[in-house]
Amino acid sequence: MEAQQYKLSQTIAAHNGIVRSISTQGDQLLTCSSDKTAKLYEINNNQYHQVTLISFFEKYIYATCARINGGYAVGHDKQIYLLDNEGNPLGILDGHDQQVCSLKSISENLLISGSWDATAIIWDISQMKQLYRLNGHKYGVAVYGDENLNFITGSQDGILHSWSKETKIKSVEAHKDIIREILPSPLGGYITCSNDETIKLWSKDLELIQTFLGHKSFVFTMKIHMDQVISGGDDRLVIIWNLDGTPKQTIQLPDTVWTVAINNYNDIIIGTSDGKVRVFTSDPIRFASQAEIEGLEQEASLSNAKQEGGMSEEEVQKLPGIDKLKTMVGKKEGEIRLFRNGNKPEAYMWSVASSNWQLIGDVIGGKGASSRKFFPGDKYFEAGEYDHVFDVEDDHGITKLLPYNEGESFYDSAEKFCLREGYSKHYLQQIVNFLKKNTSFGQSQRQKKSELETMKEQYAQQQILQQQQAKKQIDFQYIPYTQCTYYENMNLQGLSKKLFEFNAQVSEELKLTEKETLFFNKGIESLGQQSVYKTVNIENSVCIIFIQKLIKWDPQYLLPVYDFFRLFCLHHSSEQIFAGLEKGMNLFLNIFTIVNLQPVNTVLVRLALQTLCNCLKHNTNSCAILYHLRIVKDIILSLLDTDEKNVQVLSNLILNLSIGIYQRNGLNDQASEMLSETIVTFLQYQQRDPETIAKLVTALGNLMRSPAQQIREQCKKISYGFVQSLVIDTNNEDTLKCLEEVKLSMQI
């Protein structure tokens with residue numbers, strides 16, 4: 001019986017940049033991207049759901065691996081960050097001189113890393129130090145190692161090296177280009193992949209056993225799963241191979257495949273250049289809907305058709321034949337699908353009015369295709385056949401398609417191209433000149449390529465010039481503001497005395513036992529050791545006591561409880577409370593109850609708000625408060641009429657929240673919208689003092705300077721009119737200039 005084929009199970013819009021590396025561990029998935037973030041997902045009801053956004057990285061992330069003793073290692077620039085299973089940093093391995101590009105966990109305490117500094121390093125994690133450094137490579141190094149301290153490395157020159165500790169045993173010319181990945185073979189040797197488009201199976205002594213041929217471009221990634229090899233690369237293909245080098249299944253993706261992984265459910269997880277992570281499963285119960293599966297196939301077909309050389313014959317044969325035109329129904333007006341007419345791919349558009357597919361032209365490539373080229377259409381250029389579809393690469397290496405029909409206005413086409421790509425009209429004449437030279441004048445392909453390269457250089461120079469000019473014109477000094485306000489003053493002796501005095505007065509079921517009292521006394525003592533906070537742990541029992549007993553005390557006894565927890569939130573051990581599935585929900589709900597008590601206990605409310613402010617100190621706590629932002633919004637809006645001192649704390653809380661959203665690109669789709677609405681409502685409700693207004697306007701400025709476009713758009717939509725008409729009655733120059741910057745940020 002033939003094995004079940006892999007089909008799409010889930011598509012995750014994970015990142016705003018290339019997904020460079022993914023790792024799985026248990027029910028978790030860690031994704032890392034060129035957008036300088038990592039995200040942690042967990043499986044629930046057969047679907048991955050985001051639980052943590054890790055955004056303290058400042059540069060691209062190229063490599064990650066799950067550690068054998070739990071947690072992850074992440075290659076961030078020259079360093080390796082060790083994370084726990086919740087995404088919190090545990091330590092940093094510092095020793096490489098350039099970008100870390102390859103990571104493998106060898107054992108509980110051993111890790112091997114490869115870097116573009118042409119070295120590999122074996123690390124002892126228990127002592128956070130280097131054991132061995134392997135030299136003699138060229139540029140980026142791919143690595144693998146085992147517990148017997150045998151290591152395999154490969155690099156830019158295609159040479160594969162075997163090592164015993166620091167001693168090189170053997171070197172072979174394995175590939176004709178850079179070696180991207182090295183893995184242990186199920187047959188006892190090794191397997192490698194390369195930019196030379198091949199995968200090779202090696203014996204333990206580095207004797208070649210088998211070469212896998214099938215990829216059409218660079219092979220960037222591999223994973224071994226039982227007796228299968230799963231590979232992916234720049235040809236947008238994931239191929240599942242038998243160990244004899246024969247392909248079992250090919251999956252076409254819409255963009256370059258940079259990384260693949262296998263989870264505990266035997267699913268294949270794929271990360272691509274479009275920022276998406278796609279899960280493929282062989283379990284029919286977990287297949288995505290047929291519409292989603294067909295949607296991905298169509299997206300991949302259209303994307304592939306736009307590439308140079310068009311569709312291969314194999315891809316054409318996979319398209320539905322034109323006999324399916326009458327039975328396949330489109331989902332919306334203008335939907336485009338590809339069908340096969342004999343051996344020729346054709347593009348059809350769905351018409352709702354006539355309830356049928358209408359031919360709009362041949363597709364690039366494929367046997368029997370016409371010389372005209374198909375363009376899928378966008379806001380400025382209609383979908384259909386064109387005499388020319390020029391590939392123009394910008395300075396980021398991204399291809400821009402420029403469609404043109406003979407006889408059309410050069411100026412109209414050039415202007416539409418500039419509008420679509422956001423280019424200055426200074427480019428207009430250059431593009432017109434290019435079209436004149438490369439259309440009816442019949443220039444050679446070599447001349448066309450030369451002209452395109454010239455355009456690319458001119459675009460790059462113009463963009464750099466524009467960026468420099470923009471930087472001179474808009475030199476923001478006040479936003480983003482990223483210094484959170486924390487409430488750190490303490491009187492631990494008075495706190496302890498009052499807490500245990502109240503403990504004697506509460507009901508028996510909520511009273512701390514003698515053992516719990518010892519735990520709590522030790523916890524209070526640890527809070528006083530501020531100079532060694534990072535090395536002192538407060539036992540998890542303290543968190544359990546807080547949630548199961550103290551938080552349930554009658555409000556009249558809660559002052560010392562919140563005085564303690566306000567300080568506890570500044571200690572890294574507090575992350576235990578916010579790390580679970582509920583992410584500290586009990587705390588947020590308890591604070592909501594406190595602020596709505598009648599009569600209001602203003603001192604208790606202030607301590608509770610200060611606790612929320614301090615939640616922005618650590619990553620897990622910060623992610624939790626942003627996750628529960630809807631509850632926090634209700635807490636803030638319940639205090640529109642609160643006293644002046646609490647208004648000051650509220651303004652600091654809102655500013656802290658804006659910093660959290662700015663640094664983490666939000667944590668849910670509505671974070672910016674909720675906070676913007678809260679700020680505007682809070683300011684409009686009654687006249688606030690200038691200092692409070694300045695802090696809240698700065699919070700809006702933080703949202704407007706977010707690198708995430710969605711956050712900026714949400715903030716602008718909610719607050720634009722209010723901010724543009726806002727006048728602050730103050731002589732403070734810094735406040736006035738800050739307001740000016742926020743207004744300006746909403747106009748660009």
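This is a predicted model: local features need pLDDT of at least 70, side-chain atom pairs count only at pLDDT 80 or more; totals for chains, interfaces and linings use all residues.
Local features are described where pLDDT is at least 70, side-chain atom pairs count only at pLDDT 80 or more, and totals for chains, interfaces and linings use all residues. Residues are numbered from 1 along each chain as its sequence is written, and side-chain values use heavy atoms, leaving out hydrogens and water.

View 1. Residues 212-244 are 64% strand and 0% helix, where helices (H or I, at least four residues) and strands (E, at least two) are DSSP runs numbered from the N terminus. The end C-alpha atoms of this stretch lie 8 Å apart.

**View 2. The packing of helices α6 and α9.** Helix α6 (residues 492-503) packs against helix α9 (residues 559-568) at about 135°, with 8 Å between their axes. This angle makes α6 oblique to α9, as angles under 35 degrees count as roughly parallel, over 145 as roughly antiparallel, 65 to 115 as roughly perpendicular and the rest as oblique. Axes are lines fitted to C-alpha atoms over the stretch in contact, and angles run from 0 to 180 degrees between N-to-C directions.

**View 3. Cysteines without a disulfide.** The number of disulfides (pairs of cysteine sulfur atoms within 2.5 Å) is zero. The closest cysteine sulfur to that of Cys615 belongs to Cys569, at 3.9 Å, which is too far for a bond. For Cys484, the closest is in Cys613, at 8.7 Å, also too far for a bond.
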